[in-house]
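Dear colleague,

Please find the structure below. My notes on what was found in it follow.

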Amino acid sequence: MSVLLHRDTRVVVQGITGHQGSFHAQQMIAYGTRVVAGVSPSKAGTTHLSVPVYASVREAVERDGAEAAIVFVPAAMARDAAFEAVAAGVRLLVMIPEHLPVLDTMAIHTFCRLRGVTLVGPNTFGLITPGESKLGIMPSHIYRPGPVGIIARSGTLSYEIAASLSDAGLGQSSVVGMGGDPVVGQTFTDLLPLMEADPQTEAVVLVGEIGGSAEERAAELVRTMTKPVVAYLAGKSAPEGKRMGHAGAIIERGRGTLESKRAALEAAGARVCEMPWEISAAVRSALG
Amino acid sequence: MKLYEYLAKGVLREAGVPVPPGRVCQTPAEAAEAAAEIGPVAVKAQVLVGGRGKAGGIGFADTPEAARAEARRILGMDLKGYRVEKVYVEGKLATDRELYVSVTVDRVARELVVMASAHGGVEIEDVDEKFLVRRHVPILWNGEGYLLREVARGIGLEAPWAAQFQDILARLIGVFRQRDAELVEINPLVITGDEVIAADARLNIDDSAVDRHPELERVEEGTELERRVREIGLAYVELDGDIAVMANGAGMAMATLDAIAHFGGRPANFLDAGGGASVEPTAQALDVLVGMRPRVIFINIFGGITRCDDVARAILTVRETRGIPVPLVVRLVGTNEAEGVALLRAAGIEAYRDMAEAARRTVEESRKGRDR
């Protein structure tokens with residue numbers, strides 16, 4: 001079992017003939033993701049990576065039953081691409097691009113909510129169900145199927161942690177990237193209940209960072225969960241008022257500090273690790 | 001992108017928000033001229049930090065000569081690390097009451113949120129929650145009056161000010177949406193006689209949306225080095241330590257700083273070389289680090305999309321072209337790790353696998369550097 005993404009999920013790749021889209025579509029297909037079609041208006045009617053390329057997402061939905069879309073178009077075109085996918089009827093939308101204007105993301109999020117579409121991202125590495133399917137840009141080889149769910153705001157840091165878990169013999173059930181932007185679709189709060197309900201998941205790792213209040217909100221749910229939660233929070237040394245790489249990683253007017261997040265999660269019963277390399281031992285001991 | 005007060009006021013004025021008459025000045029003579037035109041004025045340092053008043057960055061003048069003197073005092077002043085290059089000379093207001101109003105993004109609700117208070121004029125963090133009114137702006141909101149009335153009533157405004165406040169609030173929400181803002185803040189919004197008028201203004205534009213607003217004047221932020229690195233397209237923040245740090249991905253870069261601090265070291269910077277950086281940008285980033293003349297350089301790479309052999313090539317390129325005159329600690333794991341490690345080993349650099357070990361070693365090297 002897993003959350004959101006399964007081996008049978010039928011995927012359409014928007015921007016499949018672009019540099020990034022093409023590379024990652026190939027990686028996804030190699031991993032076993034069921035990519036059924038691609039979209040690229042200028043290359044419509046051709047075949048790329050052995051899948052049909054269409055002018056619109058609608059064709060991918062109608063002809064090939066695409067139910068999930070992953071977007072690899074430049075930020076300036078991302079809102080259009082997202083609206084197209086939602087209007088065409090996909091149920092899962094993964095937005096890889098970084099630097100989307102926040103107002104665009106808010107509009108995309110609202111449209112998704114109206115149509116019951118699950119939005120992951122933007123500025124995310126995507127999501128992966130190890131051993132089944134991946135919908136994103138993460139390096140496939142670091143994951144193993146297993147009992148640990150991971151929800152992360154950061155890509156490479158979550159790779160570091162997933163790899164250390166795999167090395168320790170702790171595989172993963174589902175790994176989901178929230179995205180590094182201030183406004184994103186799925187957050188810890190949306191994903192924790194899915195992890196709690198997923199029979200394969202036995203423990204959850206949260207990879208948080210400074211900025212916003214997603215971790216504090218997550219703590220409210222952690223309190224009610226039966227499965228152990230282990231967290232690592234990045235940005236202890238970050239100065240106030242500076243954006244640390246991610247648009248959303250900023251302490252603003254005393255809010256979004258690491259201390260606030262750590263205190264909330266610890267009070268809720270989560271184990272908060274000081275350093276990323278402490279995670280696998282903490283998970284191991286939480287699993288008993 | 002933060003706009004200077006005078007630019008923010010320009011945008012607000014254009015949107016129909018009442019603001020005092022004012023002129024931006026770069027010399028005391030210009031300030032005197034502006035005061036002669038306007039009358040009694042406030043002379044305000046134009047810097048991108050709050051708390052100017054307390055720091056002596058605002059003066060008042062009833063005559064052109066006094067305005068000249070105030071401008072002379074303020075221009076060139078150092079305000080919290082920023083040199084004052086411009087002052088805004090603006091009509092002085094007789095203040096009866098000071099209100100607060102802002103529009104910003106609620107990251108949790110994923111909607112705009114209006115905040116208002118009858119207790120303006122102080123930093124909003126210092127205002128007690130019970131004096132703050134918060135109302136979300138639904139994405140479908142198109143000027144409906146209920147929102148404006150609720151906020152005005154919430155802060156206890158009556159006629160004749162309530163109607164003006166509501167009109168101003170509607171325009172502020174409009175400015176937020178039209179200009180892709182991330183913050184519109186009027187503090188204080190002043191009541192003077194029967195009028196409501198914006199005495200100060202902050203307008204921050206969403207960095208991701210600046211490109212679609214050619215009409216807005218560009219404001220450069222950060223230190224010279226920060227600007228230069230951002231030009232290359234990398235995320236960079238200057239810190240005050242002596243260990244130069246590069247990692248790939250924002251979260252990894254933050255965790256790397258935390259690891260340095262964990263072992264008692266002091267990072268000199270935050271540098272995210274990108275989640276999928278190739279040889280060229282990585283070499284450029286390393287070049288910047290070398291130029292900082294740190295005691296030691298720490299490169300922490302978890303190769304996912306980034307390939308370890310590319311990182312190794314970047315390191316060797318920089319070493320061959322400009323030289324790396326300080327100790328270098330490299331931690332390299334992930335995609336194409338064996339190739340990367342072999343390339344470095346052939347050049348006499350031993351890469352670490354373990355992040356903790358590498359961070360500890362880096363801090364040790366920085367201490368040695370201090371003793372040298």
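**Contact between the chains**

The contact takes 55 residues from chain A and 50 residues from chain B. Please keep in mind that this is a predicted model. About 4,100 Å² of area is buried between chain A and chain B, and carbon and sulfur atoms give 61% of that area.

**Salt bridges**

Side chains of opposite charge can pair when their charged atoms come close. Between chain A and chain B the count is seven salt bridges. One of the pairs is Arg110(B) with Asp190(A), a salt bridge in which the closest N and O atoms are 3.5 Å apart. A search of the whole structure, over all chains, finds 46 salt bridges.

Another pair is Arg253(A) with Glu185(B), where the closest N and O atoms of the salt bridge are 2.9 Å apart. Arg253(A) sits in the loop between strand E13 (229-234) and helix H8 (258-267) of chain A, while Glu185(B) belongs to strand E11 (residues 181-192) of chain B, so this pair joins two chains.

**A helix pair in chain A**

Helix H3 (residues 75-88) of chain A packs with helix H4 (residues 102-115) of chain A at an angle of about 0°, and their axes are 10 Å apart. Angles under 35 degrees count as roughly parallel, and H3(A) and H4(A) are therefore roughly parallel to each other. On the H3(A) side, the contact is made by Ala78(A), Arg79(A), Ala82(A), Phe83(A), Val86(A) and Ala87(A). H4(A) contributes Leu103(A), Asp104(A), Ala107(A), Ile108(A), Phe111(A), Cys112(A) and Arg115(A). Sorted by class, the contact of H3(A) with H4(A) has ten nonpolar, no polar and three charged residues.

**A helix pair in chain B**

In chain B, the axes of helix H9 (residues 308-321) and helix H10 (residues 337-346) come within 7 Å and cross at roughly 20°. That angle makes H9(B) roughly parallel to H10(B). The crossing of these two helices, H9(B) and H10(B), is left-handed.

Which residues of H9(B) meet H10(B)? They are Cys308(B), Asp309(B), Ala312(B), Arg313(B), Ile315(B) and Leu316(B). In H10(B), the residues they meet are Glu337(B), Glu339(B), Gly340(B), Leu343(B) and Leu344(B). By class, the contact of H9(B) with H10(B) has six nonpolar, one polar and four charged residues.

Regards

Terms used:
Residues numbered from 1 in each chain as written. Chains lettered and ligands numbered in written order. Predicted model: local features only at pLDDT ≥ 70, side-chain atom pairs only at ≥ 80, totals over all residues. Heavy atoms only, no water. Axes fitted to C-alpha atoms, helices over the stretch in contact; angles between N-to-C directions. Helix = DSSP H or I, 4+ residues; strand = E, 2+ residues; numbered from the N terminus. Parallel < 35°, antiparallel > 145°, perpendicular 65-115°, else oblique. Left-handed = near helix turned anticlockwise from the far one by under 90°. Contact = heavy atoms within 4.5 Å. Nonpolar A, V, L, I, M, F, W, Y, C, P; charged D, E, K, R; others polar. Buried area = accessible area lost by both parts, 1.4 Å probe. Salt bridge = Lys/Arg side-chain N within 4 Å of Asp/Glu carboxyl O.
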